Each structure stands twice: as C-alpha cells, then as structure tokens.
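Biologist: I would like to learn how to read packing features from a model. Could you take me through one, with the general idea before each case?

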Amino acid sequence: MKTALLVVDMQMLMQENIDKGRDYTSDKIKTHIPALLSAFRAAGKPVFHIRHQQDEKMSEIYPQKESYQAMPCAEAIEGETVLYKTTSSAFASTDLTDRLRKAGISHLVIVGAVAAFCVNSTVRAGKDLGFEIVVVKDALLSFDLPTYNLSAQQILDMTTAILAAAFATVVDTKSALTSYI
C-alpha cells in the first residue's frame with residue numbers, strides 16, 4: 001500500500017472568508033495540516049496540492065489574485081506536485097488519476113477545503129476510481145450556510161458522517177499521524 005497526502009484548495013480565499021467573520025470550523029487546520037505535511041515529507045511520502053482556479057479575471061480564484069495563492073499553512077515545497085482544477089473534484093479536470101496510478105499510489109489521506117464541496121467531491125470521485133480514502137476531519141475547513149441556518153460545524157459533521165458511511169475512513173490528525181504515515 002502506497003499512500004499520498006492530498007491537500008485540497010487551501011487558498012487565501014479561505015482566509016479571506018475567515019477574516020470577514022464567516023462561521024468556520026477551527027483554526028486547528030493551521031497546525032494540523034502543517035503537521036501532516038511535515039510527517040509525510042519526513043517519511044518521503046508523496047504530497048499533492050490541488051488549487052481551484054477560474055480563467056475569468058473577475059473571479060476570486062483567478063491565478064493572478066491574492067485570494068488564489070496558497071495559505072501559508074499549506075504551501076507546496078520544491079518537488080511536490082501542484083495541480084490546477086476547474087471543477088469541484090480534483091479528479092475531473094486534472095491528470096491526478098494518471099499521476100497516482102503511475103506512482104503506484106492506492107491510498108489517499110485527504111485534507112483541505114471546503115469539506116462539503118470540493119473535498120466531498122474529490123473523496124467520492126477517488127473512491128469511485130478505486131482509491132482507498134482517509135479523510136482527516138480536524139484538518140478540514142468548513143463554512144456555514146446561513147441561508148439554510150446551518151453552522152460550519154453542523155455541515156462538517158454531516159459531511160464527514162456521510163463520507164464515513166460509504167466512501168472513506170474518517171480519522172483525526174493524531175490517528176492519521178500514527179496510522180497512515
């Protein structure tokens with residue numbers, strides 16, 4: 001079993017939403033994601049970074065905008081793969097599947113943003129493609145949906161419960177560090 005860490009959409013747009021006062025799940029991601037990155041790097045295991053981008057200059061995730069850049073807690077280092085997607089799932093608009101299969105990777109540990117959206121899509125697609133998926137719940141960023149009166153924590157709990165029911169093993173950072181590195 002060869003395992004890789006997949007960091008999804010940890011871009012400054014997320015920090016901007018936090019700075020605007022949006023309800024979100026914990027700042028623990030700012031220590032948990034670096035801890036996982038450090039452990040994977042120290043073990044010589046592959047790390048893949050996914051960035052969401054749009055080609056419209058007015059988009060918040062247009063490549064030349066500050067909001068597009070990686071959050072400091074999730075920056076890639078030299079030699080790590082950074083893929084740019086235009087869809088919710090990291091598999092649909094990149095060559096991630098081919099890269100993983102070519103490298104012999106069968107297991108993915110997934111962290112990042114946003115839990116109910118791009119992380120959810122990526123986990124489900126990865127499972128459908130035959131990868132074994134581990135989701136690190138306390139290394140996921142979730143935001144509220146005020147229109148539906150749902151808090152960030154409610155959304156994170158529901159999303160990870162559904163993923164755990166059929167698509168992934170859901171663990172905390174401590175378990176990921178001891179069981180999947």
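**Reading rings and a helix**

Modeller: The end C-alpha atoms of residues 3–163 lie 19 Å apart, and this span is 34% helix and 21% strand, where helices (H or I, at least four residues) and strands (E, at least two) are DSSP runs numbered from the N terminus. In an unreviewed entry, UniProt lists residues 3–163 as "domain: Isochorismatase-like"; UniProt positions follow the numbering used here, feature names are shortened, and annotations may be inferred rather than shown by experiment. This is a predicted model, in which local features need pLDDT of at least 70 and side-chain atom pairs count only at pLDDT 80 or more, while totals for chains, interfaces and linings use all residues. Residues are numbered from 1 along each chain as its sequence is written, and side-chain values use heavy atoms, with hydrogens and water left out.

Biologist: How many aromatic pairs does a search of the whole structure find?

Modeller: A pair of aromatic rings is described by the distance of the centres and the angle of the planes. Rings of Phe, Tyr and Trp (its six-membered ring) pair if their centres lie within 6.5 Å, and planes under 30 degrees apart count as stacked, over 60 as edge-to-face and the rest as tilted. The search finds two aromatic pairs. The ring centres of Tyr-68 and Tyr-84 are 6.4 Å apart with planes at 20°, so this pair is stacked. Tyr-68 lies in the loop between strand 2 (47–52) and strand 3 (81–85), and Tyr-84 in strand 3, 16 residues apart.

Biologist: Is Tyr-68 buried or exposed?

Modeller: Buried means under 20% relative accessible area, exposed over 50%, and partly exposed in between (1.4 Å probe, protein chains only). Tyr-68, at 8% relative accessibility, counts as buried, whereas Tyr-84, at 43%, is partly exposed. In the other pair, the rings of Phe-91 and Phe-131 have centres 5.8 Å apart and planes at 25°, so they are stacked. Both Phe-91 and Phe-131 are buried.

Biologist: Which residues of helix 2 are buried?

Modeller: Helix 2 spans residues 29–42, and its buried residues are Ile-29, His-32, Ile-33, Leu-36, Leu-37, Ala-39 and Phe-40. Seen down the axis, they fall within an arc of 165° (taken from the directions from the helix axis to the C-beta atoms), so they line one face of helix 2. On the other side of helix 2, Thr-31 and Ala-42 are exposed. Gly-44, with a positive phi near 70°, follows helix 2.

Note on methods. Expected span 1.5 Å × (residues − 1).
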